[in-house]
Amino acid sequence: MKSLDLRADFPQLKRIIRDKRLVYLDSAATTLKPLPVIEAVRESMAFGASNVHRGAHFIGDEVTGRFEKVREKARRFVNAANVGEMIFTRGTTEGMNLLAQTLGRTHLAPGDEILLSQMEHHSNIVPWQMIAGEKGAVVRFIPVLDDGSLDLEAAYKMISSKTKIVSLVHLSNALGTINPVAEIFAAAKAAGAFTVLDAAQSASVMRLDVGALGCDFLVFSGHKIFGPTGIGILYGRFELLEALPPYQGGGSMISEVRENGVTFLPPPNRFEAGTPAIAEIMGLGAAFDYVNAIGFEKLEQHSTQIMLRAEAGLRDIQGLRRIGTAAHRSHVFSFLLAGSHPSDVGAILDEQGVAVRAGHHCCQPLMRRFGIPGTVRASFSIYTSVEDVDALIGAVYKAKDLLS
Ligand code: PMP
């Protein structure tokens, strides 16, 4: 099996941690950044320091042009129809808060239901709980089965005329499960609900197509697709965005302000108050180019091969309990070692230069569902090599010896 030949693009992989080469297996938390992304951010700060949409001078126009090109790249990335449907946010979390405070605020009445699942990240729970509390709406959770897949029978029973919003994760950061969201969204739309997709994890491994997925809204973060932190994308169907009120007020989102009133710009500007994260947006543009140059076929193939190797190597470890064995899954291996706390296992792996995440992964309802405090999570990406996986396997054996 061959690793993808692009490790040299990621400078962080050259770091030596405690005299050992870094084995970075925490890509679900954030991916490493390739040189073209780093260079785009540097170039923007060094030579493109100007505000956008002010139109007063050469560099201002140049930067505005480049900025809007990234919006077009984002449109192509999710196969949206109209560039006005792409909104720059700080990330998945801000996208969800924006939706809760605009869509939720204008469409929820007492007794209405918001349907989530037990495997949602807190960023797809808490914003809805907050607005539900204000509006007297009810948040319901599709149960998760023992293998880490959604209980689809229950899901279809829970969708009714009371359901106003269905917001689901595409690929679980804690389990790796890929959910059949298109089918659930079709049922939700037939019942008259709005559909929201958390694509934070799927964006780096699956080609996204908002039409085929049947989502009215979709959110993801730049930093999980090899881009900078502090930048993300919210897609929304134009006619829905057009009917929503602004999220925040300020410069760049108004058409006219008077002492006694204000009118707002159409989307996307209506939802982009203030000076945007310009350098980060340039980095995100380079990240889209980077992913497109590799292609999703290769990304998926690599991720599957790496996962198969990890599964084969870890399968025989006695007392290893895998959490998340659904048939359709990707790039995340979550587990526990019998009799040990996940953070102790994580610390032993870290001592060996293997960086994983140990904890609840911002999915406390899911951990409660499985009756566990958390898991140890190894997550893979395009730069993960066979040697990285073998280092993980060796380190887990060592942790087991030390802890038993
Ligand atoms: N949803 C999922 C599935 C995630 O994995 C994450 C990040 N761990 C988020 C939402 C939140 O993303 P961010 O912190 O970039 O806003």
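This is a predicted model: local features need pLDDT of at least 70, side-chain atom pairs count only at pLDDT 80 or more; totals for chains, interfaces and linings use all residues.
**The seven-strand sheet**

Let's start with the open sheet whose seven strands run in the order E4-E10-E9-E8-E7-E5-E6, with mixed pairing. Its edges are taken by strand E4 (86-89) and strand E6 (138-142); each has a single partner strand, so one side of each is left without a neighbour in the sheet. Going from one strand to the next, the twist averages 20°.

At the E4 end, E4 and strand E10 (residues 232-236) are joined by four bridges in the antiparallel sense. If you want a spot to look at, isoleucine 87 has leucine 234 in E10 as its bridge partner. Helix H2 (residues 58-78) packs on this sheet, where it touches E4, strand E9 (217-221) and E10. Helix H3 (residues 92-107) packs there too, with contacts to E4, strand E7 (163-169), strand E8 (194-198), E9 and E10.

**The four-strand sheet**

The other sheet is also open: four strands in the order E13-E14-E17-E16, with antiparallel pairing. Here strand E13 (320-322) and E16 stand at the edges, and since each has a single partner strand, one side of each is left without a neighbour in the sheet. The twist averages 30° from one strand to the next.

E13 pairs with strand E14 (residues 332-337) over three bridges, in the antiparallel sense. Leucine 320 has its bridge partner in E14, namely leucine 337. Helix H10 (residues 296-314) lies across E13 and E14. Helix H11 (residues 342-351) packs on the sheet as well, touching E14, E16 and strand E17 (375-379).

The helix directions, each set against a strand, look like this:

| H2 (residues 58-78) | E4 | about 115° |

Glycine 359 sits in strand E16 (residues 357-359). Leaving aside residues up to four places away in sequence, glycine 359 touches Met367, Gly374 and Thr375. Its C-alpha atom is 49 Å from that of phenylalanine 58, a residue 301 places away along the chain.

Phenylalanine 264 belongs to strand E12 (residues 261-264). How accessible is phenylalanine 264? Its relative accessibility is 36%, so phenylalanine 264 counts as partly exposed. Together with Val257 and Val262, Phe264 makes a nonpolar surface patch of about 250 Å².

Technical notes
Residues are numbered from 1 along each chain as its sequence is written. Side-chain values use heavy atoms; hydrogens and water are left out. Patches are made of residues with over 30% relative accessible area and no salt bridge: like charges are joined within 9 Å, nonpolar side chains (Val, Leu, Ile, Met, Phe, Trp, Tyr) within 5 Å. Accessible areas come from the Shrake-Rupley method with a 1.4 Å probe; for residues, only the protein chains shown count as cover. A salt bridge is a side-chain nitrogen of Lys or Arg within 4 Å of a carboxyl oxygen of Asp or Glu. Helices (H or I, at least four residues) and strands (E, at least two) are DSSP runs, numbered from the N terminus. Buried means under 20% relative accessible area, exposed over 50%, partly exposed in between (1.4 Å probe, protein chains only). Two strands pair if DSSP finds at least two bridges between them. Axes are lines fitted to C-alpha atoms, for helices over the stretch in contact, and angles run from 0 to 180 degrees between N-to-C directions. Contact means heavy atoms within 4.5 Å.
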